[in-house]
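Have a look at the sequence and the model first.

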Amino acid sequence: MTEYPSPREGPAGTARRGPSASGPAPVVPLGRTPVRLLDRLQYLDVATRRIARGMDLDETLRELRWAAVPAFADAIVIHLHDPLPVGDEKSAAPVVLQLHSIDRAPEARTALLMPHAEYENVAERVQPALTGRLAKLLLAGRPAFGDTPDIHPAVAELLGPAASARGTLPPGRRLIIAPLHGRHHVMGTVVLLRRPDRAAFTADDLLVASQLATHTAIGVQKAVMYGHEASVADTLQHTMLPSSLPEPTGIRLASRYLPASKTAQVGGDWYDAIPLPGSRVALIVGDVMGHSMTSAAIMGQLRTIVQTLAGLDLPPHEVLHHLDEQAQRLGSDHIATCLYAIYDPISHRLLMANAGHPPAVLLRPNGHAEVLHVPPGAPIGVGGVVFESVEMPAPTGTTLVLYTDGLVESRDTDVGTGVEALRAHLRSTPHRHRHASLERLCDRILTALAPGPRDDDIALLTARFEGFPADSVGYWHLDPTPLTAGQARRLTRRVLHRWGLDALLDTTELMVSEVVTNAVRYASRPISLRLLRTDVLRCEVTDDSPQVPRMRQASPGDEGGRGLFLVDRLAQRWGRPG
């Protein structure tokens with residue numbers, strides 16, 4: 001009579017009697033139920049629960065190995081298609097991915113399954129010729145003994161190095177081959193062997209092997225689909241994140257994105273830096289709730305909406321208001337947090353609004369770290385929320401740290417404690433590191449606050465404010481009158497002469513005159529004229545008209561309509577922020 005001891009708990013566990021370590025034994029009424037059947041049912045209950053708890057491919061196969069050896073067999077050889085099929089895809093020939101033999105040393109028998117690349121001495125590629133009865137039983141999904149004459153050669157080929165080491169297959173019914181039959185494909189095979197000093201397999205053992213193979217195939221298919229979805233979502237998210245950050249004048253930027261641990265699905269964390277008119281830059285960090293491909297897709301849509309709203313040059317609270325409206329149209333189940341800030345390097349000011357996101361931290365040149373208390377508001381997607389923009393000074397040399405909650409929150413740490421830990425770490429940063437590159441600062445933050453496996457994604461965006469030197473800025477407010485264009489030309493000529501840019505006088509004077517004339521035509525309040533000297537000369541004119549200036553094609557008989565066309569031809573960049 002075959003014995004069915006309880007499967008082991010694994011290399012780090014202890015042997016247990018009874019059906020499962022995760023729950024009480026099922027009550028099976030004895031009545032006339034044979035003891036052998038009762039043992040088999042209890043064994044299968046424990047074994048299938050073990051296999052089902054595997055979260056990925058390696059873990060599923062590892063649980064099968066520990067469930068089957070030595071409770072049911074003395075050795076196990078697992079073959080999987082390479083690559084494993086996804087959905088209705090056609091798959092290639094099987095290949096040995098994992099192999100464990102009872103003939104090996106005891107320490108090897110207790111080792112975990114290793115990936116193929118790390119187990120090349122016992123796992124090799126095989127392409128069996130699946131013909132005859134073996135092919136039929138694999139396609140039918142039924143296990144069979146491997147000692148019949150027509151199956152024996154194919155099984156020896158499947159066993160590969162194990163069969164060669166033995167010299168021959170064990171005599172009698174000491175080998176069972178069971179197909180891993182998924183929903184649409186035979187995904188591989190499981191070969192179970194017993195030593196000559198142990199009782200041979202019986203017909204009842206075929207039923208046990210069938211259940212082990214069925215539950216393993218379900219686990220393998222689940223792992224493949226999980227991995228495929230995670231890969232698609234991960235690719236989707238990385239595609240939607242900025243491939244590089246802009247390099248606007250007056251500010252330095254650095255960022256990091258770290259996905260969650262291997263067992264978690266991809267999240268909806270994102271960050272962005274968008275140049276705005278007037279040499280300003282928008283700094284954004286956000287997080288869509290949840291971990292799935294849907295979260296990554298919603299993140300991409302929200303990021304695109306934010307980029308569109310930023311192009312309208314709205315204040316932060318208005319951007320969040322419109323973002324909230326658009327998020328509600330995507331569905332009431334999609335909630336996100338977002339922090340939107342605008343830095344002006346001319347005025348050295350920071351304007352910020354928050355939609356339920358963890359607060360930003362400001363690191364000053366003297367080492368003082370401050371948590372910025374901006375009214376958090378409700379998350380994006382809640383609806384009916386009033387957001388508030390808060391303005392604050394942003395002195396030269398100050399560093400702004402924006403992040404998602406994965407940096408400051410974990411199973412053991414709440415957000416408040418994590419934010420305080422971040423502030424304390426920044427405050428304790430040595431002077432030489434505070435003024436080092438932002439890339440090193442990002443690495444130090446992640447090393448200190450996220451050193452091990454992560455429960456959530458982390459998006460980190462840092463910005464160091466450098467501003468514009470006062471002697472490189474010319475700034476005036478002008479009344480919108482017919483004489484304003486002439487006044488603007490005189491101011492431009494004077495400041496360019498002071499900067500030693502006389503070679504640019506004629507071209508710059510013409511462009512300023514045309515743009516100011518256009519602004520005077522539509523403005524109802526004073527307009528602003530700003531000249532910025534960096535590696536290029538930047539001319540900015542601002543008015544209160546909501547209408548965006550657009551070039552038009554003037555016909556030969558028109559007396560006007562050519563001013564912006566001339567500006568477009570004379571300037572290196574016109575009509576674009578940054």
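## A strand tucked inside

In strand β14, T399, V401 and Y403 point one way while L400 and L402 point the other way, and all of them are buried. Here, buried means under 20% relative accessible area, with exposed over 50% and partly exposed in between (1.4 Å probe, protein chains only). Since five of the five residues of β14 (residues 399-403) are buried, the strand is largely enclosed by the rest of the structure.

A quick word on the source: this is a predicted model, where local features need pLDDT of at least 70, side-chain atom pairs count only at pLDDT 80 or more, and totals for chains, interfaces and linings use all residues. Residues are numbered from 1 along each chain as its sequence is written, and side-chain values use heavy atoms, leaving out hydrogens and water. Strands (E, at least two residues) are DSSP runs, numbered from the N terminus.

## Who pairs with β14?

Strands pair if DSSP finds at least two bridges between them. Strand β11 (residues 361-363) runs antiparallel to β14, joined by three bridges, and V361 sits opposite V401. Strand β15 (residues 458-465) also pairs with β14 in the antiparallel sense, over five bridges; there, L402 stands opposite L461.

## Over to β1

Strand β1 (residues 75-81) is mostly covered, with seven of its seven residues buried. A75, V77, H79 and H81 point one way, and I76, I78 and L80 the other.

Which strand does β1 join through six bridges? That's β5 (residues 186-193), and the two run antiparallel. In β5, V190 is the bridge partner of I78.

Note on methods
Helices (H or I, at least four residues) and strands (E, at least two) are DSSP runs, numbered from the N terminus.
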